[in-house]
Amino acid sequence: MYFPFALSLSKGGSTGSPRTLCRHLTTRSKFKIRGHIMEQHKVLGLEQGLVRLHAPTPAWVELYTKESALVRTALAKWLVGLEHIGSTSIPNIKAKPILDMMVGINQLADGLACKEALEALGYSHASQIDIENDIVYTKGGAAWTHLLH
């Protein structure tokens, strides 16, 4: 099975000052996991051009579960399958804080037909990502939180 990955690697090092990077890395947010409010470092979001690994967190599974339900509903007429891929899908390892998902559809052309349904969920077609036989959508604005292939 072919699983293309879109990487957000910087050409020539990280962008921004060390102070900006430090402030980003220490941004704190609250989120709910299995009924418990937890305070953690920001668990999703990575600006384009930066490479950062986040300590493993059970929040990734919860966030995927919630997001996949939304995507499954929005893409019901095209969807053949949906999988959590990439480093956040592997338990107990550091990972780039972006949820990568692979959507199975019958025809590649259906990937563009899904555009309106995905935009309603906050995704944008990432036409700048040029991977053969892949259509990529991103979510999160300048700090990507989700990649959908």
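Visitor: Which residues have the most contacts inside the largest nonpolar core?
Guide: In this predicted model, those are V71, L75, L82, L118, Y123 and L148, in a core of 21 residues.

Visitor: And which elements give two or more residues to this core?
Guide: Helix 2, strand 5 (99–105) and helix 4 (115–119) do. Helix 2 provides the largest share, with four residues.

Visitor: OK, helix 2 then. How many residues has helix 2, and what does it reach end to end?
Guide: Helix 2 covers residues 59–74, so to speak 16 residues, and reaches 23 Å from first C-alpha to last, close to the expected 22 Å.

Visitor: Which strands does helix 2 lie across?
Guide: Strands 4, 5, 6, 7 and 9, and helix 2 runs at about 165° to strand 4.

Visitor: New topic: in what order do the strands of the sheet come?
Guide: The order is 4-5-9-7-6, in an open sheet of five strands with mixed pairing. Strand 4 (79–85) and strand 6 (123–125) are the edges, each pairing on one side only. The twist averages 25° from one strand to the next.

Visitor: How do strand 7 and strand 9 pair, parallel or antiparallel?
Guide: Antiparallel, over three bridges, with strand 7 at residues 137–139 and strand 9 at residues 146–148. K139 has H146 in strand 9 as its bridge partner.

Note on methods. Residues are numbered from 1 along each chain as its sequence is written. This is a predicted model: local features need pLDDT of at least 70, side-chain atom pairs count only at pLDDT 80 or more; totals for chains, interfaces and linings use all residues. Side-chain values use heavy atoms; hydrogens and water are left out. The expected span of a helix is 1.5 Å times one less than its number of residues. A nonpolar core is a set of buried Ala, Val, Leu, Ile, Met, Phe, Trp, Tyr and Cys residues joined through side-chain atoms within 4.5 Å. Buried means under 20% relative accessible area, exposed over 50%, partly exposed in between (1.4 Å probe, protein chains only). Two strands pair if DSSP finds at least two bridges between them. Axes are lines fitted to C-alpha atoms, for helices over the stretch in contact, and angles run from 0 to 180 degrees between N-to-C directions. Contact means heavy atoms within 4.5 Å.
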